[in-house]
Amino acid sequence: MTTATVSPNAVSPNTAAPTHAAKTGTLFSERSAIAGRPLSAVTGAEIQAPLIQGGHVRYANLDYGASAPALSVVSAYLNEILPFYASVHRGAGYASQISTSVYENARNIVRDFVGGRPDDSVVFTRNTTDSLNLLAGCLPVREGRPDGDVLYLDIEHHANLLPWQGVPHRSVVAADTIAGTIEVLRAELEQGGVSLLAVTGASNVTGEILPIRALAALAHEHGARIVVDAAQLAPHRRINISTDDVDYLAFSGHKLYAPFGAGVLVGRPDWLDAGTPHLAGGGAVREARLDGVSWATGPARHEGGSPNVLGAATLARATQVIGALDQDRWHAHEAAIRSFLVEGLQKIDGVTVHQIFKDTHPDTDTIGVVNFSVAGYDAGLVAAYLSAEHGVGLRDGRFCAHPLLKRLGIPSGSLRASFGLGSRLEDAQRLLAGIEELRRTGLGWDYVVDSGRWVPANDTRTYPEWAPNTPGTAGAAPCIED
Ligand SMILES: Cc1ncc(COP(=O)(O)O)c(C=O)c1O
């Protein structure tokens, strides 16, 4: 359904704006020594994206925060183990035994990656959302009733917000400083009756990191536990749940450079062993009867059915690669791209970069995520333009964080550029050049709204034959609609 059309130069060109090259030249050369090249090889780094006006350009993937490309090492490992792919926990055959060994060993690798305690459970799930839903079924019970509330902030991704709405819960509005937010949480915890503090490690909207060590200490002071949604943090920062005293940690392989969509929940076994089995079925039981069951404990309790062995194996392999990175080089690479992008965006008239907090905390900084809006343009239109005219992929919309978008004053959405190990400074430069051109000369093509998404009109670009669709029409974005 087509509901709107905009044409080239629909917004008055800002002819006074200096050129992008003039403004970013020094910024670029200063940082290219650090981030001119990818830090790690990833699959698809050189794919060519078709442009609406003809020709192709290297795809600038600035959407790592949604799903990151697979590390080349992970892809090679996958090819190595794929011939041995077989049932897990179910066969005496050679391949089945190997698959079982790979799957079970993946738990140890992931436990090491997050600095887990020896008795922590490592449960493989579908993704972070699944992990947090699993934990919601394992909250403590006293005399048959829930023993306390889950407390969460208004800045969370829906995955760390909606699972708690089905159990006793309280939410608080984060202050506009990190220090203030700690005080808001302290005041709520002092009221008593909180069993679990659920908090994001890093915002998927702005990339700001929360001080999880301080929050863990705060929760524990008040008799509560803490779960950290590390979907965004784990791909960017080393985490140690033992030294940070975090009780539960959830993250996803697809954001951590591993394909196949496995997630994981790591944490204290007592609640998990007593909680409701997440997926009732084969493998989750000690003994089943026609009218009853005795459930297993340990990860098996929550992993009913055939497990995603390749998802778990590739997730584990990715953690090994990330765990071996030189932290200084890793952070410098990301920081160089981020500062280049933020400084460049702030120099373009009409562009606003969004963030939640005015202050910083000694334990925190910002991951490779930058959120912004362009005055006069719908975010979805800018994203469609960047893709069609510049071969740049980024995310637009409300990022499955509707309450946060409202408080940031951008209830209808914004744009998010996110990057990581396979990114290079030129990706950010391409984005800046595209935004500057938009402000200077407007759109270079007609765009229409089709099924709620902006797409180029009369799009003749094609996908590879094995992806039977046309570019643009396949982009339905989750969490955009009310
Ligand atoms: C902070 C955060 N939490 C949770 C999720 C949900 O992750 P998944 O889609 O892997 O379940 C996301 C995904 O974007 C996220 O960014």
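I began with helix H4 and looked up its surroundings: its buried residues pack against strand S5 (121-125), helix H5 (162-165), strand S11 (225-229), strand S12 (248-252) and strand S13 (263-267). The model I am reading is predicted, with local features needing pLDDT of at least 70 and side-chain atom pairs counting only at pLDDT 80 or more, while totals for chains, interfaces and linings use all residues. Residues are numbered from 1 along each chain as its sequence is written.

For my own reference, helices (H or I, at least four residues) and strands (E, at least two) are DSSP runs numbered from the N terminus, and contact requires C-beta atoms, placed from the backbone, within 7 Å. I call a residue buried with 20 or more other C-beta atoms within 10 Å of its own, exposed with 12 or fewer, and partly exposed in between.

**Helix H4 and strand S5.** I found nine of the nine residues of H4 (residues 128-136) buried, so the helix is largely enclosed by the rest of the structure. Among them are Thr128, Asp130, Asn133 and Ala136. Strand S5 is mostly covered as well, with five of its five residues buried; Ser121, Val123 and Thr125 lie on one side, and Val122 and Phe124 on the other.

**The seven-stranded sheet.** I traced an open sheet in the order S5-S13-S12-S11-S10-S8-S9, with mixed pairing (a pair needs at least two DSSP bridges). S5 and strand S9 (169-172) are at the edges with a single partner strand each, so one side of each has no neighbour in the sheet. The twist from one strand to the next averages 20 degrees, where axes are lines fitted to C-alpha atoms, for helices over the stretch in contact, and angles between N-to-C directions run from 0 to 180 degrees. S5 runs antiparallel to S13 and is joined to it by five bridges, serine 121 having glycine 267 as its bridge partner in S13. Strand S10 (residues 194-200), by contrast, runs parallel to S11, also with five bridges, and leucine 196 stands opposite arginine 225 in S11.

**Helix H6.** I noted that H6 lies across strand S8 (149-153), S9 and S10, at about 150 degrees to S9. Alanine 179 is found in this helix (residues 178-190) and is partly exposed, with 14 other C-beta atoms within 10 Å. Its C-alpha atom is separated by 9.3 Å from that of phenylalanine 357, which is 178 residues apart along the chain.

**The ligand shell.** I counted 14 residues around the ligand, the closest being Asn127, Thr129, Asn204, Ala231 and Ser252 (a residue is near a molecule if its C-beta atom, placed from the backbone, lies within 6 Å of it). By class, the shell holds two nonpolar, eleven polar and one charged residue.

**The four-stranded sheet.** I traced a further open sheet in the order S16-S17-S20-S19, with antiparallel pairing; its edge strands are strand S16 (351-354) and strand S19 (395-397). Strand S17 (residues 369-374) and strand S20 (residues 414-418) pair over four bridges, with valine 370 opposite alanine 417 in S20. Helix H12 (residues 379-390) packs on this sheet, touching S17, S19 and S20, and its direction makes about 160 degrees with that of S19.

**Domains.** Last, I looked up the domain assignment, which gives domain 1 (2-64 + 327-456) and domain 2 (73-323). Their centres, taken over C-alpha atoms, are 31 Å apart, and 31 residues of domain 1 are in contact with 31 residues of domain 2.

Conventions: Contact = placed C-beta atoms within 7 Å. Nonpolar A, V, L, I, M, F, W, Y, C, P; charged D, E, K, R; others polar. Domains from an automatic or database assignment.
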